[in-house]
Structures are given as C-alpha cells and as structure tokens.
Amino acid sequence: MLSKSVEQALNNQIRIEAESSQIYLSMACWAEIQGLEGVARFMYTQSDEERVHMLKLIKFVNERGGHAHITELNAPKTTFNTFQQLFSELYKHELFVSQSINELVHITLSEKDYATHNFLQWYVAEQIEEEAQAKTILDKINLIGDDKGGLYLFDRDIQQITVTSQILPGAN
C-alpha cells in the first residue's frame, strides 16, 4: 500500500510526465513547420517516450492500492525563436524532471517505502540518460552556431539518434 504522501507525489509525477509529453509534442510541431524533419522526428519520439513514463507510473500507483489521477495540464509553449532555444529549453526541462524524480525518491526513503524506491530507480537511471543526451545535443548545437550548413547536417544526424534509440535494447 502507498502512503497518502507517496501517492500524492507519484500523482504529481504523473502530471509532470504528461506535461513533458505535451512539451515535446509542441516542440515537434514547431520543428516540423520550420522544415527540421530530423528534429521533429526526435521530438515526436521523445513525446511518445514521456507518455510511456507516465503510463508506467499510473499502472504502479493503481497496482499498489493507490488511485492515479489524470489532471488538467498546463499548455506548452508553441513557438521558439531558434532551434538552439528549443534545445536549451529541452535541457532545462530534463533538469527539472530529474529534480522532481529526486524529490520523489527522497519522499519514498523518508516514508520507508522501499518498494516504490526500488521502482523509481528506473526513472533515476532514465533521467541520467536523458540529461546526458540533451546536454550532448545542446553542446553540438552551440558548436554549430548560426551555420546553416551545420544546421542541415545536425537535422540529418539527429534522425540517427532517434533510429538508434529505437533499435538498441534498453536505449530509450
């Protein structure tokens, strides 16, 4: 059984994961209309991944005797000045999600809920990967600067990240 405080914290994380999916979906739409096919595909994949994260939490809450709540979401930003800004916001958002997961882990430890703590270790590891990937992408974008040829190559190369993450076992 989940304590009320752990259940509430998990429900908050469900909302965060749902909003993350919406944020990346909005980023995909913006990239697509900018002609950045690779970036759009990457963001669509990220959006799907965040929805899967949300669903895992929902199932866990319900299976542990809690009640997962689906709540209203904040509307995501729909326009970006540059693709650099888009990826900078992606990185900042991943840092926010990591902080939220860490707080959730802290709550489970203070409540001595070791089953939930164990379940959350997957999210901790996932956030390490997400942050590293976002930081690597942002570093590459900063190297490109305003070079249009670099942007073209980046857009093409980011498609490979999406393809690779769909092929490699355990790579999400």
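Predicted model: local features only at pLDDT ≥ 70, side-chain atom pairs only at ≥ 80, totals over all residues.
Student: How do you know that lysine 135 and aspartate 139 are separated by about one helical turn?
Tutor: Count along helix α4, residues 114-144.

Student: Why is the pair of lysine 135 and aspartate 139 called a salt bridge?
Tutor: Their closest N and O atoms are 2.8 Å apart. The cut-off is 4 Å between a Lys or Arg side-chain nitrogen and an Asp or Glu carboxyl oxygen, so the pair qualifies. Side chains of opposite charge can pair when their charged atoms come close.

Student: What makes lysine 135 and aspartate 139 buried, exposed or something in between?
Tutor: Relative accessible area decides. Lysine 135 has 36%, and aspartate 139 has 34%. Buried needs under 20% and exposed needs over 50%. Both values fall in between, so both residues are partly exposed.

Student: How many salt bridges does the structure hold?
Tutor: Eight. One of them joins glutamate 37 to arginine 41, with closest N and O atoms 3.9 Å apart.

Student: Why does 3.9 Å still count for glutamate 37 and arginine 41?
Tutor: The limit is within 4 Å, so 3.9 Å passes. These residues are four apart in helix α2, residues 37-63, about one helical turn. Arginine 41 is partly exposed, at 36%.

Student: What makes glutamate 19 buried or exposed?
Tutor: Its relative accessible area is 12%. That is under 20%, so glutamate 19 is buried. Its salt-bridge partner is arginine 15, with the closest N and O atoms 3.0 Å apart. Arginine 15 has 24%, so it counts as partly exposed. Both lie in helix α1, residues 4-33, four residues apart.

Student: What span should helix α3 have, and what does the model give?
Tutor: α3 covers residues 83-110, which is 28 residues. It should span 40 Å, and its end C-alpha atoms are 41 Å apart, which agrees.

Student: Which residues mark the start of α3, and which one comes just after it?
Tutor: At the start, a side-chain oxygen of threonine 82 reaches to within 3.3 Å of the backbone nitrogen of glutamine 84. Just after α3, lysine 112 takes a positive phi of about 55 degrees.

Key: Residues numbered from 1 in each chain as written. Heavy atoms only, no water. Helix = DSSP H or I, 4+ residues; strand = E, 2+ residues; numbered from the N terminus. Buried < 20%, exposed > 50% of the residue type's maximum accessible area, 1.4 Å probe, protein only. Expected span 1.5 Å × (residues − 1). Polar contact = N/O pair within 3.5 Å; in protein donor to acceptor, adjacent residues only side chain to side chain.
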